[in-house]
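Student: I would like to learn how to read a protein model, one feature at a time. Could you take me through one, giving the general idea before the particular case?

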Amino acid sequence: MHPRMRVEMDTELQHADAYPVPSGITMEYGTAGFRAPACNLPHVMYRMGLLAVLRARYTRGVIGVMVTASHNPEEDNGVKLMEGLGDMLSVSWEKHATSLASAQLGELRTQLSALLRDCPGSESSSPVQKYHVLIGQDTRASSKVLAQAVSDGVTDLGGTFKDFGLVTTPQLHYLVASHNSDGLMGEPSLDGYYRKLSEAYKALMAQAKPQPKIEGSYPLTMDGANGVGAPKMVELLSYLKSSLAVKIINNGESGKLNHECGADYVKIGRRAPKGLQMLEGRIYCSLDGDADRLLYYFVDKSGTFHLVDGDKISTLMAIFIQHLLKEAQLPFQVSVLQTAYANGSSTRYLKDTLQLQVYCLPTGVKYLHTKAKECDIGVYFEANGHGTVLFGKRVLDKVAEVMQDSSKPETQRAAATQLYHTSQLINQAVGDALSDLLAVEAMLSLLDLSLPQLYALYTDIPSRLLKVKVIDRQQITTTDAERSVTHPEGLQAAIEERVHHHLQARAFVRPSGTEDMVRVYAESKTQESADCLAHEVALLVHRLAGGVGEEPRATT
Ligand code: NG1
Ligand code: ZN
């Protein structure tokens, strides 16, 4: 056992004094870890470094700690842990993260001792074992100092770490997964990541019809949200060589992170990033600040903006895989996993037209990812563009069998080969904007489908998303994958009563896991009606669930 790793916490936590808990600050490990103004986070980062070592010890694997606040403004920052095959921190340890985060020094020792006692093998005097933590950070000015705080925590408990510096969140997931699978998921380095993606992309594109070139221009323009995705895309393009040309805007050289650009800005406002003059016939996409969300968009002849969101990307991936399974004569089921925010039209199209199994799960990738693991092939995307496709082992074994079976017809083997390359291209650990971007490009080419054609597969029902501030958002509890409120009493009945006044409508409310807000979502036949319903429901939340400040005003 490492000298500092005794069951009783007699180790001096050398850096603990440098990271006192500021008074009056408590935080909860939410949907995406901790997020807060960066100045409130050094003590949390240090404690997450400590927790990462304990978790590494508990799981006997490498743990990842990513310093990022994704699509939040530059002034915020955050941290999330990853483990195993790139999964999020186990839900059962989130409570330990929450209680450690606000533990003062004495309490910290007590909590660490208790956690240490629960670690397997804590009583044995086995030889020194190193507990290893991989650290990554996004481009925020605060990230460097916060990553240092994480590493201080790691070394204080005798762990070792490798700081990868700037990486996208999905790249760190990949690095954790590849470390913990002894390279089975790929080589545990960024070079391994780029090689895996670029080789799979090139292999897929070798089967596609050559695309017409637009002289002196790029068919695809990528908005990097002034975040880490832009420099990482440049690195990826150097591996792809001439097989993909992308113009990158908002690459962080001058603009501010997520400010008037990026996936969240585009999705919420249904508009192009500031300063981008969109042209008909061109394709555009946006990442978020840590490159785990991806959205596409274009303008038609009349200059009208059209968004291809996570629901439509998910539809594309499901169609592509369903088509290949048929060609390869593999009788596996494609399941699509959505949250309540998925547009009702997408759900109907997937179920009725494509005849796919569709599940609705609570918000948060951890729920979608867990369910996807149970499926033959699980396609999951949040409407905001975060998602991936998981291939079950049973499927991959069968795919390999068909690929190698020379008695099978060429078309069948070719389809199995494409399925194999697709499974290599799509990040199996987590939703990954860079990997998803390559997948969308390859799938559109191979299906010979244009982005406007994908967009036109179904028409979104008009929707509106609003936020309401209440005294304590945790007072709102929900059931049925967050589509129905169980507390406060009377709120659900009041929402339903309002919904009945609108055509083809639905509405739900839930407390956000990343902001101190209650989110209100409404869909209805017309935009006016969706806006009106969302406003009515927001008023109900304000009145019945302890609204703070003025009542919500109608959107115009
Ligand atoms: P919350 O704040 O719990 O609604 C938001 C997104 C989630 C997910 C997380 C993590 C919406 C409505 N919610 O969660 O889908 O992406 O952030 O970043 O988009
Ligand atoms: Zn993100």
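**Reading the features**

Tutor: Let us begin with a loop, where Ser-70 has its place between β2 (63-67) and β3 (76-83). Please keep in mind throughout that this is a predicted model.

Student: What is the phi of Ser-70, and is it positive or negative?

Tutor: Most residues other than glycine have a negative phi, and most peptide bonds are trans. Ser-70 is not a glycine, and yet its phi is positive, at about 50°.

Student: Which residues does a cis peptide bond join here?

Tutor: The cis bond lies between His-487 and Pro-488, with omega at about 0°. Pro-488 is also found in a loop, in this case the one between β18 (484-487) and α16 (491-499).

Student: Let us turn to sheets. In what order do the five strands of the open sheet stand?

Tutor: Strands of a sheet pair through backbone hydrogen bonds, either parallel or antiparallel. Here the five strands follow the order β8-β7-β9-β10-β11, in an open sheet whose pairing is mixed. At the edges stand β8 (246-249) and β11 (305-308), and because each has a single partner strand, one side of each is left without a neighbour in the sheet. On average, neighbouring strands of this sheet are turned by 25° against each other, if direction is ignored.

Student: How many bridges join β9 to β10?

Tutor: There are four bridges between β9 (residues 283-287) and β10 (residues 294-299), and these two strands run antiparallel. You can find one facing pair by looking at Cys-285, which stands opposite Tyr-296 in β10. Helix α9 (residues 310-327) packs on this sheet, where it touches β10 and β11, and its direction makes about 100° with that of β10.

Student: Which strands does helix α8 lie across?

Tutor: Helix α8 (residues 262-269) lies across β7 (220-223), β9, β10 and β11, and it runs at about 115° to β9.

Student: What is the pairing in the open sheet of three strands?

Tutor: In that sheet the pairing is antiparallel, and the order of the strands is β16-β20-β19. Its edge strands are β16 (463-468) and β19 (506-511), each of which pairs on one side only. Neighbouring strands are turned by 15° against each other on average, again with direction ignored. Between β16 and β20 (residues 518-523) there are six bridges in the antiparallel sense, and Arg-464 has Ala-522 in β20 as its bridge partner. Helix α17 (residues 527-544) lies across β16, β19 and β20, and runs at about 20° to β16.

Student: Now I would like to step back from the strands. Which domains does the domain assignment give?

Tutor: The assignment lists domain 1 (3-166), domain 2 (193-308), domain 3 (310-455) and domain 4 (463-544). Let us look at how two of them meet. The C-alpha centres of domain 3 and domain 4 are 31 Å apart, and nine residues of domain 3 are in contact with eleven residues of domain 4.

Student: How much area do domain 3 and domain 4 bury between them?

Tutor: The size of an interface is often given as the accessible area lost when the parts come together. For domain 3 and domain 4 this comes to about 790 Å², of which 52% is on carbon and sulfur atoms. On the side of domain 3, the residues that lose the most area to domain 4 are Ala-340, Tyr-341 and Cys-360, which together make up 63% of what that side buries.

Student: Where is Met-88 found?

Tutor: Met-88 is found in strand β4 (residues 87-88). Leaving aside neighbours within four places in sequence, Met-88 is in contact with several residues, among them Leu-81, His-173, Val-365 and Val-430.

Note on methods:
Residues numbered from 1 in each chain as written. Chains lettered and ligands numbered in written order. Predicted model: local features only at pLDDT ≥ 70, side-chain atom pairs only at ≥ 80, totals over all residues. Heavy atoms only, no water. Pairing = 2+ DSSP bridges. Axes fitted to C-alpha atoms, helices over the stretch in contact; angles between N-to-C directions. Contact = heavy atoms within 4.5 Å. Domains from an automatic or database assignment. Buried area = accessible area lost by both parts, 1.4 Å probe.
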